[in-house]
Amino acid sequence: MAGRIPQHFIDQLLNRIDIVDLIDGYVPLKKAGANYKACCPFHGEKTPSFTVSPSKQFYHCFGCGVNGTAISFLMDYDHMEFREAIEKLASSAGMEIPEESQGFTPKKTVSQGIDLYQLMNEVNEFYQTQLRQHTSKQEAIDYLQKRGLSGDIAKRFGMGFAPEGWDNLMSSLGATAPAQKALLDTGMLTQNEKKRTYDRFRHRIMFPIHDHRGRVVGFGGRVLAKSDQPGNPKYLNSPETPIFHKGSELYGLYGARGGIKEADGVLVVEGYMDVVALAQEGINNAVATLGTATTPMHLQRLFRHTPNITFSFDGDRAGRDAGWKALETCLPTLQDGFQVSFLFLPDGEDPDTMVKQVGKEGFEKLIKDATPLPDFLIDTLTQQADINRLDGRAKLSKLAKPLIEKMPNGVLKKLVLERLSVVTQVSAHDLLGIKPPVQNSAEQNSASNWSNTTGSRGNFQGGRYGKKKQVQQAPREAYITPVRRAVSLILQYPQHHAEFAVLGAITDEQVRGIGMVHELRVACENNSDMSTATLLERYRDRSFATTLAKLANHEHNNLDSLEDDDAVALIRASVAKIIEDYNAAEVAKAMQELDVLTKRSVVTQLNEQELARKEALAAYIRASYQQTNEPQ
């Protein structure tokens with residue numbers, strides 16, 4: 001029997017999955033301010049009221065009230081059990097589910113008190129400083145200038161320099177044992193079989209790799225010319241680490257978002273230098289895979305930004321093989337409206353050299369004239385079979401069937417089938433090996449009867465069973481208490497959890513509900529990468545989970561999200577209100593007790609202890625009154 005999935009693993013999984021990418025794979029999302037919107041997949045509507053927040057990693061429908069995390073979405077949309085949803089997300093992220101009973105030690109974004117993201121920023125600054133100040137910097141500068149790159153473009157991409165030597169980085173940032181351990185965890189240091197620790201990147205031009213939030217998570221290093229020798233790879237990438245996963249990151253994507261939007265398309269190339277060289281010529285919508293083949297996670301990220309993807313490969317056999325692998329990965333994602341094309345450059349050319357030859361306009365024309373995926377698919381298949389022979393057309397049908405079956409149902413799939421049907425002279429149904437539909441009355445009645453019984457199974461939407469929701473107008477929101485507002489704010493802005501520490505001396509007995517604020521704050525303190533989603537998942541099975549979800553979506557000041565400074569100001573005001581109410585309640589209790597003692601003193605003489613208590617209460621009330629009425 002499977003053991004319990006550790007909470008740390010769920011946190012790590014949700015931090016690796018982007019809920020916008022996930023939901024966009026099911027329901028096309030459109031940017032709407034800081035969030036994304038769509039028509040709700042859980043109830044029928046014409047005006048989009050389904051909102052997905054990338055900052056909270058949380059979705060909410062203002063029409064039917066459904067909300068939740070990436071895990072919740074799979075459970076509600078695909079009718080999965082909790083563990084099934086975890087397994088699907090883990091598989092897409094390339095993670096293996098551990099069990100607590102197996103003694104799992106979770107990977108964290110903090111190593112011995114050192115935040116790995118902050119450390120990578122410091123490493124990035126170190127390499128950039130070396131490019132400006134190191135005694136051998138001219139060698140690196142000469143190389144960049146030889147490649148036609150300006151200082152401005154190098155600065156824009158944050159390029160740096162790792163000098164020759166075994167311990168430049170380690171000496172600068174790894175002075176302590178915890179710092180060395182953190183640098184090892186991020187892959188910036190490495191060890192040989194004799195446990196000798198040294199810099200991983202040496203004598204290389206450095207390219208920082210940013211994740212979808214703009215954080216530096218890894219590096220690519222291009223060796224300088226005189227170090228080219230067998231066993232020393234031209235390009236070296238960071239290894240897999242707790243914060244860097246090659247299968248989900250793309251070089252240059254974070255910086256190319258504006259260029260992708262402007263061009264209404266993205267160009268996927270194979271190397272760091274290709275991305276930078278294209279940007280040097282004014283082509284700002286290029287990204288690169290990190291030494292790996294294109295993955296489904298890559299495609300999810302790209303299709304979130306644009307429906308148009310063009311892959312660029314060398315025109316030789318290896319390039320066409322790489323293009324075919326990319327095609328096979330794309331097929332399951334090809335929803336109607338998506339367009340994928342393939343640009344095969346002449347032998348010996350890459351985007352870096354080609355754009356220098358033909359210029360920006362010439363290269364953009366090459367992109368425009370790239371081969372559409374359906375044409376590449378059919379042309380490649382027809383080259384493997386002689387369609388002038390009957391057995392050749394049969395071979396083509398056999399080759400095509402498993403590829404077509406990967407495509408989602410839609411107009412594009414029908415058009416590709418029709419094209420293949422013309423080429424092979426075989427009907428579309430025979431190509432897929434299925435019987436054509438029989439439209440007789442008996443089958444129509446059977447279908448009608450089946451649809452009339454689906455109410456107990458949920459309503460069928462988008463090719464899947466959607467969880468049936470009762471649509472109702474959201475009621476006007478009631479007054480939110482100061483404590484509930486604090487809970488809402490810490491759920492929405494966990495990065496500011498320290499602002500709530502001043503409430504630590506107040507107990508749940510003194511202020512009802514304050515214990516939840518303390519609990520959430522401590523959870524944030526123990527996990528520097530906490531998000532709204534990871535916080536909510538900790539309370540999935542608790543009776544108040546629904547209340548927390550509503551508070552996580554509460555609009556403060558009638559805004560679905562606040563600027564950082566505004567959020568801090570509102571948090572401080574909320575904290576001050578809780579303290580004010582707490583003090584007022586304590587004074588009221590003191591006045592009530594003092595009133596009781598005063599009335600007793602009229603009837604009977606108070607003992608020494610009671611007199612002291614009466615004086616203390618009076619002093620406390622006077623002090624509170626003076627403090628309240630002091631000019632601000």
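Which strand order does the open sheet of five strands have? The points below take this up among other features.

1. Basis. The model is predicted; local features need pLDDT of at least 70, side-chain atom pairs count only at pLDDT 80 or more, and totals for chains, interfaces and linings use all residues. Numbering starts from 1 along each chain as its sequence is written, and side-chain values use heavy atoms, with hydrogens and water left out.

2. The open sheet. Its order is E15-E14-E16-E17-E18, and the pairing is mixed. Strands E15 (286-288) and E18 (371-372) stand at the edges with a single partner strand each, so one side of each has no neighbour in the sheet. Strands here are DSSP runs of at least two residues (E), helices are runs of at least four (H or I), and both are numbered from the N terminus. Two strands pair if DSSP finds at least two bridges between them. E14 (residues 266-269) and E15 are parallel, with three bridges. Valine 269 has alanine 288 in E15 as its bridge partner.

3. Helices on the sheet. Helix H13 (residues 317-330) packs on the sheet and touches E16 and E17. The direction of H13 makes about 155 degrees with that of E16. H12 lies across E14, E15, E16 (308-314) and E17 (339-345). H12 runs at about 130 degrees to E16. Axes are lines fitted to C-alpha atoms, for helices over the stretch in contact; angles run from 0 to 180 degrees between N-to-C directions.

4. H10 against H12. The axes of H10 (residues 253-263) and H12 (residues 296-305) come within 10 Å and cross at roughly 35 degrees. Leu253, Arg257 and Ile260 in H10 meet Arg301, Leu302 and His305 in H12. By class, the residues of this contact are three nonpolar, one polar and two charged. Nonpolar covers Ala, Val, Leu, Ile, Met, Phe, Trp, Tyr, Cys and Pro; charged covers Asp, Glu, Lys and Arg; the others, Gly among them, are polar.

5. E4 (residues 58-61) is covered on both faces. Phe58 and His60 on one side, and Tyr59 and Cys61 on the other, are all buried (under 20% relative accessible area; exposed is over 50%, partly exposed in between; 1.4 Å probe, protein chains only). E3 (residues 50-53) runs antiparallel to E4, joined by four bridges. Phenylalanine 50 is opposite cysteine 61 in E4. Four residues separate E3 and E4 in their hairpin, and glutamine 57 in the turn has a positive phi of about 55 degrees. E4 also pairs antiparallel with E5 (residues 67-68), over two bridges. Tyrosine 59 has glycine 68 in E5 as its partner. The E4 and E5 hairpin has five residues between the strands, with glycine 65 at a positive phi near 90 degrees.

6. Threonine 197. This residue is in strand E10 (residues 197-199). Threonine 197 counts as buried because its relative accessibility is 16%. Its side chain makes a polar contact with that of glutamine 191 at 3.0 Å (a pair of N or O atoms within 3.5 Å; within protein, one must be able to donate a hydrogen and the other to accept it, and residues adjacent in sequence count only if both atoms are side-chain atoms).

7. Helix H20. Nine of the 11 residues of H20 (residues 482-492) are buried. Among them are Pro482, Val483 and Leu489. The buried residues pack against H21 (514-525), H22 (532-537), H23 (545-552) and H24 (564-603); contact means heavy atoms within 4.5 Å.
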